[in-house]
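The sequence and the model are shown first, and the description follows.

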Amino acid sequence: MKGKIKGRILAFVSDLLIAALLLGGIYGVNYLIPQKGISARPMEVRAADGQKESRRDSQRESQLASQKKLNGLPTTKVSLDTQDWHEKFADKFTDRIVSTDTSYTSPNVSVKLTYYSCDTNRLDKTQDGNHEKYGTNISYVLADIYVGDITCFQTCFAQNMYGVGYDEKLTDMSARMKSVLAVNGDSYSNSRHRDNGTIIRNGVIYRAQQTDMETCVLNWDGTMKIYNPEEMDTQKLIDSGAYQSWIFGPSLLDGNGKAKTTFRTWPYIEESHPRTAIGYYEPGHYCLLVVDGRQDNPRGMFLDEMAGLFEQLGCKAAYNLDGGHCSFMTLKDQVVNHPYKSEHKVEDGIFITEGI
């Protein structure tokens, strides 16, 4: 009898191991092994030489249009803001590069970091109380950003490849991009691209599919708009001059810049997590937020808490990007947030540069 029981236990354990290996193999083939790659070289970035670029004429638009021709992929119309942001935000820029542990200013870019933490007295009781161990504190770093040119705001895919299974450390991507500031992006290859929306990076359309999520679009003229699924129209995005798009979400503010209380997402995303998000004030003025969490204080942020923060900041639009162990921010070559794990490889990032 004992021998039969032992045999059954061994058979059961063996079946579990085989199932785990099969699932692991399927996951590896579908998500980890690079495949379906398209070369996605980003636009050439200027060196930090203290010179400014302020042309806003048709010659400049033609120059940028020629930069984004790639592999025969469709591109969007380059239509720049008629206002010179160098003049508009003249008090934010400096004649020469000035860099500290919490700021960077030049003739083209202004980045200033603010650190904040507080006790919310609010426990996360979701997941059967598994999050309660992280306490009630929140902690984040906020980057206030002014750019003199829209090309100071760039994106990049890991390994300069669009596809499934490509990832890279943000610090390595940042060094390649010569970036002033960098954060993780939206992990664009969720669901292996099936029914996962429109991806536009630096004016190139890599994917245009249906989605049930909101899409955040930054235009060449510096404006930002967040589209509901039923509003998405690729040709309109081309004609209106879409420059970048992200598909994760949800949006955090309503049309009047007020914090939303209900969100177009699933319950897990509404729980407290480490987070990355982008905020929009006006053309040329943005912010990037990284929230630490899953630690013994700080716990991370609920979506409604982050929405309330962006309302307090005065943003007109705000959008949640990928979070969790992907939430990461660098200023120059320094990691400036406090992730709960060592640096995690990501699929894409957002980079503030000196432009092109």
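## Terms and source

Helices (H or I, at least four residues) and strands (E, at least two) are DSSP runs, numbered from the N terminus. The model is predicted, so local features need pLDDT of at least 70 and side-chain atom pairs count only at pLDDT 80 or more, whereas totals for chains, interfaces and linings use all residues. Residues are numbered from 1 along each chain as its sequence is written, and side-chain values use heavy atoms, with hydrogens and water left out.

## Asn219

Strand E11 (residues 215-219) contains Asn219. With a relative accessible area of 8%, Asn219 is buried; the term denotes under 20% relative accessible area, while exposed denotes over 50% and partly exposed the range in between (1.4 Å probe, protein chains only). Contact denotes heavy atoms within 4.5 Å. Beyond its neighbours within four places in sequence, Asn219 contacts Ile150, Ser240, Gly241, Ala242 and Tyr243.

## Nonpolar cores

A nonpolar core is a set of buried Ala, Val, Leu, Ile, Met, Phe, Trp, Tyr and Cys residues joined through side-chain atoms within 4.5 Å. The largest has 64 residues, of which Val111, Leu113, Leu181, Trp246, Phe310 and Met329 touch the most other members. Strand E5 (residues 137-147) gives the most to this core, namely 8 residues. Another core, of 11 residues, lies apart from it and includes Leu170, Ala182, Cys326 and Val346.

## Helix H4

Buried residues of helix H4 (residues 170-177) are Leu170, Met173, Ser174 and Met177. Seen down the helix axis, they fall within an arc of 100° and so line one face of H4; the arc is that of the directions from the helix axis to the C-beta atoms. They pack against strands E6 (153-157), E8 (181-184), E17 (329-331) and E19 (348-352).

## Helix H7 and strand E16

In helix H7 (residues 303-313), the buried residues are Leu303, Glu305, Met306, Ala307, Gly308, Leu309 and Phe310. Their cover includes E5, helix H6 (267-270), E14, strand E15 (285-292) and E16. Just after H7, Gly314 has a positive phi of about 90°.

Strand E16 (residues 317-320) is covered on both faces, with Ala317 and Tyr319 buried on one side and Ala318 and Asn320 on the other. Strand E14 (residues 275-282) runs antiparallel to E16 and is joined to it by 4 bridges; two strands pair if DSSP finds at least two bridges between them. Gly279 has Ala318 of E16 as its bridge partner.
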